[in-house]
Amino acid sequence: MAEPTEVAGLTEVAGSNGADEGPGPTDGGPGPTEWTAGEPVGVGPWPGGPDEWPTDPRYDPELLRDGDRRNVVDAYRYWRRPAIVADIDARRHPFHVAIENFGHDHNIGTVVRTANAFAAAAVHIVGRARWNRRGAMVTDRYQHLHHHPSVADLLVFAAEHGLAVVAVDNSPGSVRLERASLPRECLLLFGAEGPGVSAEALAGAALTVSIAQFGSTRSINAGVAAGVAMHAWIRQHADLNTAW
């Protein structure tokens with residue numbers, strides 16, 4: 001379990017191992033996508049041995065020696081973890097994601113993994129600090145995570161950082177996400193599985209959007225909804241020429 005650390009007036013959750021980031025392929029132990037049972041993933045040792053290793057300081061000698069089995073894109077193979085985070089930081093998008101966690105919501109890992117894929121500025125956990133990291137598939141090591149004890153604390157953060165709060169919920173009066181213009185600098189807010197976005201959060205949102213549905217279920221999984229909403233932001237604002 002990662003311990004929270006105070007950062008700039010709010011709580012930032014450390015990496016999966018709860019320790020400071022540092023070099024080496026085994027920081028925090030292997031995650032679900034780094035286990036080698038069955039067919040190995042990733043790449044093996046750098047061909048040619050130490051004499052052929054690159055001298056760029058972003059490369060990790062242990063990964064060059066032993067191979068890189070992590071869940072990262074090929075462009076980051078053999079890189080130290082802090083180097084990967086720094087590179088993503090240089091081109092993160094200005095949208096944030098928040099999810100209410102008042103009942104140990106199991107969707108948070110999925111939200112974190114998707115936020116990492118879309119290079120979100122940060123993910124904010126509201127309510128309980130503890131959450132199941134398995135669904136994140138180790139991506140929480142490369143994604144900025146913050147914890148806020150209450151919705152009020154989250155709304156203060158959004159106001160201080162100039163972020164328009166956009167609640168994603170199929171409540172009365174919501175605007176179709178497919179027709180909405182999402183603010184470039186915003187905080188996409190999702191509720192817990194079941195109850196949805198809390199009344200306090202809806203009251204504090206500048207805009208509430210809903211995802212068009214056509215079947216019998218009244219709502220879709222919160223992790224899926226987060227992915228749909230994040231991708232809507234990507235379609236409206238991201239430079240697709242910078243995507244992998």
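**Exercise 1. Locate valine 138 and state whether it is buried or exposed.**

Step 1. Valine 138 sits in the loop between β4 and β5; helices (H or I, at least four residues) and strands (E, at least two) are DSSP runs, numbered from the N terminus.

Step 2. The relative accessibility of valine 138 is 5%, so this residue counts as buried. Buried means under 20% relative accessible area, exposed over 50%, and partly exposed in between, with a 1.4 Å probe and protein chains only.

Step 3. The phi of valine 138 is near 75°, a positive value in a residue other than glycine. Most residues other than glycine have a negative phi.

The basis of these values is as follows. The model is predicted: local features need pLDDT of at least 70, side-chain atom pairs count only at pLDDT 80 or more, and totals for chains, interfaces and linings use all residues. Residues are numbered from 1 along each chain as its sequence is written, and side-chain values use heavy atoms, with hydrogens and water left out.

**Exercise 2. Describe the largest nonpolar core and the contacts of phenylalanine 95.**

Step 1. The largest nonpolar core has 32 residues, and those with the most contacts inside it are Phe95, Leu188, Phe190 and Met230. Such a core is a set of buried Ala, Val, Leu, Ile, Met, Phe, Trp, Tyr and Cys residues joined through side-chain atoms within 4.5 Å.

Step 2. At least two residues of this core come from each of β3, α3, β4, β6 (164-168), β8 (186-190) and α6 (222-237). The most, seven residues, are given by α6.

Step 3. Beyond its neighbours within four places in sequence, phenylalanine 95 is in contact (heavy atoms within 4.5 Å) with residues including Phe118, Cys186, Leu188, Met230 and Trp233.

**Exercise 3. Characterise α3 and the lining of the largest pocket.**

Step 1. Seven of the 10 residues of α3 are buried, and they pack against α2, β3, β4, β5 and α6.

Step 2. The largest pocket holds about 550 Å³ of space. On a 1 Å grid over the protein atoms alone, a pocket is an open set of points where a 1.4 Å probe fits, with protein on both sides within 12 Å along at least five of seven lines; lining residues have an atom within 4 Å of a point. Grid points are joined across faces, edges and corners, and a volume is the space filled by probe spheres set on the points.

Step 3. Of the 22 lining residues, the closest to the centre are Asn116, Ala117, Phe118, Ala119 and Trp244. The largest share of the lining, three residues, comes from α3.
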